[in-house]
Amino acid sequence: MRERILIIDDDEHLMKAYKDYLSRRGYQVDCAQELEEAQTLLDHFPYAVVITDLRLSKLGFGGLDVVKHIRELPLQTRIIVLTGYGWPELEAEALAHRVDAFIRKPARLTDLAETVGLLTGAEA
Amino acid sequence: MRKSLLETVLDPERLSVRFQPIFHIHGAVTQIHSLEALIRGPRGTNFERADILFDYVRRKKAETAVDRSCFTAICGAAAHLPARFRINVNVHAATLGQTPGFVDFFRNQAEKHSLALDRFTVEIVEHAPTCNILGLIHSITGLRDSGVRIALDDVGLGQSNYRMMLDCHPEYFKLDAYFVQGLNADSNRRAVVESLLTLAEAMESSVVAEGVESKEDVSRLARMGVEFVQANILCAAMPLEDLRATGLLGGDTAASASVTGIAGPQNVEGFERDRQKLLVSAAKQLSH
């Protein structure tokens, strides 16, 4: 089994598409749609990569909350943030919390897999 | 839209119940004292594991709602147990302290499943640093008035401290596995357990050692005077049908589910048997 990945997104269909695509490439993929669910999973499993949308308006929290939680953990988890256009302040704050990569939405599955592969040192 | 995780957990049908025997080891005869009902989360998810499930529940501050869901699931499963077995259930102190209606809910659920209240022991689990002590005491009194016994879980760790002992005055102190594992070879751990035994005796309470992992530790605990042990090496938590298959529960008659020659302080060599032999032995005892 390759590395474990956590995806957080408020678009259920998109999240499922990411999960299916990355699972087919051998990653063990979990999904979360609540901050507490994500935090609990992060505290119990050593995720190699977390993919989170920055704006999770339907879920009542933001991707930055997840990013901050990850950076409080003694883990080398890599973070990919999905962003839209016109969010420079959010992106700057995310960068300050050592986000590893930004991908513009809508993210192409191949781009996502390639970025995950680069961050984990594996081929996409 | 899929159900949220919390909505899923609040459905008792999505929870599963396992039972783990608590053995009485004081004296020459070892027998099942009670069965602790343990909850597992939605099957096939990361939250099937109890530690992860309840970590999430506490983050959501949903202890009360989930405790209700868990107790409903437990009553459903416990209704199929032979009536001679006591049942231990875990309830958060926050639920007892902040929810005056919980005791009535507890009574109603038990009654609905024809479970006598005096078969229950409520194990108080405390993870939050603050709790409504007056509400907690009121709920404990209500439970006791119905015949329910009280245990303080995870004694020695976190919030299960001296104040909780005084406020709850539990019939049982459940020693956390941290103090028990490796105790045979660790005089410091033995000193802690000795002190808790003295305290329990002074408070007319009994001590249950949880998470015992070796026969040497079980034997040492028995010699120290610990009356009850809960140990995977004796019997792991398992679904009721699997527990029945071990033979440890015996039939549905009033016969005692006792196992002689296992762990008494004068008969510690009984633990040289491996677990399978133990279970076979128990089944034979019960079949006669």
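Guide: Between chain A and chain B there are nine residue pairs in polar contact, counting pairs with both residues at pLDDT 80 or more. That confidence cut-off matters here, since this is a predicted model. On the side of chain A that touches chain B, β2 (28-32) and α2 each supply at least two residues. Of the elements there, α2(A) gives the most, with seven residues. Sort that side of chain A by residue type and you get four nonpolar, five polar and seven charged.

Now for the whole interface. On the contact count, 16 residues of chain A touch 14 residues of chain B. Together the two chains bury about 1300 Å², and 48% of that lies on carbon and sulfur atoms.

One you can pick out is Lys60(B) with Glu36(A), where the closest N and O atoms are 3.4 Å apart. That distance makes the pair a salt bridge because the cut-off is 4 Å between a Lys or Arg side-chain nitrogen and an Asp or Glu carboxyl oxygen. To trace the Glu36(A)–Lys60(B) salt bridge, start from Glu36(A) in helix α2 (residues 35-44) of chain A and cross to Lys60(B), which sits in the loop between α2 (50-59) and α3 (63-78) of chain B. Lys60(B) counts as partly exposed, at 26% relative accessibility.

Asp51(B) pairs with Arg49(B), with 2.8 Å between the closest N and O atoms. Asp51(B) is partly exposed at 39% relative accessibility, and Arg49(B) is partly exposed with a relative accessible area of 39%.

Then go along to helix α5 (residues 102-112) of chain B, where Asp104(B) and Arg107(B) lie three residues apart and so are separated by about one helical turn. Their side chains meet in a salt bridge, at 2.8 Å from N to O. Asp104(B) is partly exposed, with a relative accessible area of 42%, and Arg107(B) is partly exposed as well, at 27%. Elsewhere, salt bridges that share partners join Glu36(B), Glu123(B), Lys174(B) and Glu210(B) into one network.

Last, the cysteines. A disulfide is a covalent bond between the sulfur atoms of two cysteines. The count over all chains comes to zero disulfides. Take Cys75(B): its nearest cysteine sulfur belongs to Cys70(B) and is 11 Å away, and Cys75(B) is in no disulfide. The cut-off for a disulfide is 2.5 Å between the sulfur atoms, so a pair has to come within that to count. Cys75(B) is buried, with a relative accessible area of 0%, and Cys168(B) is buried too, at 1%.

Methods
Residues are numbered from 1 along each chain as its sequence is written. Chains are lettered from A and ligands numbered from 1 in the order in which they are written. This is a predicted model: local features need pLDDT of at least 70, side-chain atom pairs count only at pLDDT 80 or more; totals for chains, interfaces and linings use all residues. Side-chain values use heavy atoms; hydrogens and water are left out. Helices (H or I, at least four residues) and strands (E, at least two) are DSSP runs, numbered from the N terminus. Buried means under 20% relative accessible area, exposed over 50%, partly exposed in between (1.4 Å probe, protein chains only). Contact means heavy atoms within 4.5 Å. Buried area is the accessible area (1.4 Å probe) that two parts lose on being put together, summed over both. A polar contact is a pair of N or O atoms within 3.5 Å; within protein, one must be able to donate a hydrogen and the other to accept it, and residues adjacent in sequence count only if both atoms are side-chain atoms. Ala, Val, Leu, Ile, Met, Phe, Trp, Tyr, Cys and Pro count as nonpolar, Asp, Glu, Lys and Arg as charged, and the others, Gly among them, as polar.
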